[in-house]
Amino acid sequence: MIIENYKRSYLAGLEVAERIASYIRKTQLENKHCVLGLATGSTPISVYQELVRMHKRENLSFENVYTFNLDEYCGLRKTHMESYYYFMFEHLFSYIDIPHKNIHIPDGKLRENDIHNYCLDYESQISELGGIDIQILGIGRNGHLGFNEPNCDMNSITRKIELTETTRIDATPSFGKLSCVPKHALTMGMQTILNARTIYFMAFGESKKQIVETAFTKNITEEVPASFLQSHPRCYICLDQYTNITEQ
């Protein structure tokens, strides 16, 4: 893990976007594809905005890019404004030239009997493309990555999980009331995430400071899934003036 402290959150977003763009251009020169693992929420929006700008102003193409999103709420249609499918098209996919067939976002409306095989297939598609080259991550207040909640297995793969009360409470403002927040989600597993060759973890704002310190200055523990990132050799911990920490 490599800690990078920025004065402002948008500067971190610009830097991460530039590194992603640089890698995409490199793969294009080599006639190869690029696999991105993507996250939702307010944290990566600055990254997506900059990638859209580079596509429109600097001719950055996404034609050789494949994407796999971390997670999705169970029970939400793609058109639901709080679905992560909706989020990704609202902030990125509608504005770039990525082929639609290259976009992979977990399906929140699967029948229960189809979920197990669907998750195995999600893993297989990642593997067939050679794995994730760059993974973007944020963090939940309880230390979750994707929807890998506390006490998850480090060797877990894509699966259906039950959301903790903390996670559902934090999502309540978006849904209006707690009873409207889904109780389950599909998520990439910790093993899936940790297998990415490069990871950009981002956490901004005072509300994230305490969990960032716990995750990256304390022992690795299943109780704080983000702490697993300490063992990743190419995980960049991108922080702003409110979450700044010093590498131990």
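This is a predicted model: local features need pLDDT of at least 70, side-chain atom pairs count only at pLDDT 80 or more; totals for chains, interfaces and linings use all residues.
Cysteine 180 takes part in no disulfide; the nearest cysteine sulfur belongs to cysteine 74 and lies 16 Å away. Cysteine 180 is partly exposed, and its relative accessible area is 37%. For cysteine 238, the closest cysteine sulfur is that of cysteine 235, at 8.3 Å. Because a disulfide requires two cysteine sulfur atoms within 2.5 Å, this separation is too far for a bond. Cysteine 238 is buried, with a relative accessible area of 0%.

Helix α1 spans residues 9-29 and comprises 21 residues. The distance from its first C-alpha to its last is 31 Å, close to the 30 Å expected at 1.5 Å a residue. The buried positions of α1 are Ala12, Gly13, Val16, Ala17, Ile20, Ala21, Ile24 and Thr27. When α1 is viewed down its axis, these buried residues fall within an arc of 165 degrees, and they therefore line one face of the helix.

The packing partners of the buried residues of α1 include both strands and a helix. The strands are β2 (34-38), β3 (65-69), β6 (134-137), β9 (198-203) and β10 (235-239), while the helix is α2 (45-58). After α1 comes asparagine 31, which has a positive phi, near 55 degrees.

How values were computed:
Residues are numbered from 1 along each chain as its sequence is written. Side-chain values use heavy atoms; hydrogens and water are left out. Helices (H or I, at least four residues) and strands (E, at least two) are DSSP runs, numbered from the N terminus. The expected span of a helix is 1.5 Å times one less than its number of residues. Buried means under 20% relative accessible area, exposed over 50%, partly exposed in between (1.4 Å probe, protein chains only). The arc is that of the directions from the helix axis to the C-beta atoms. Contact means heavy atoms within 4.5 Å.
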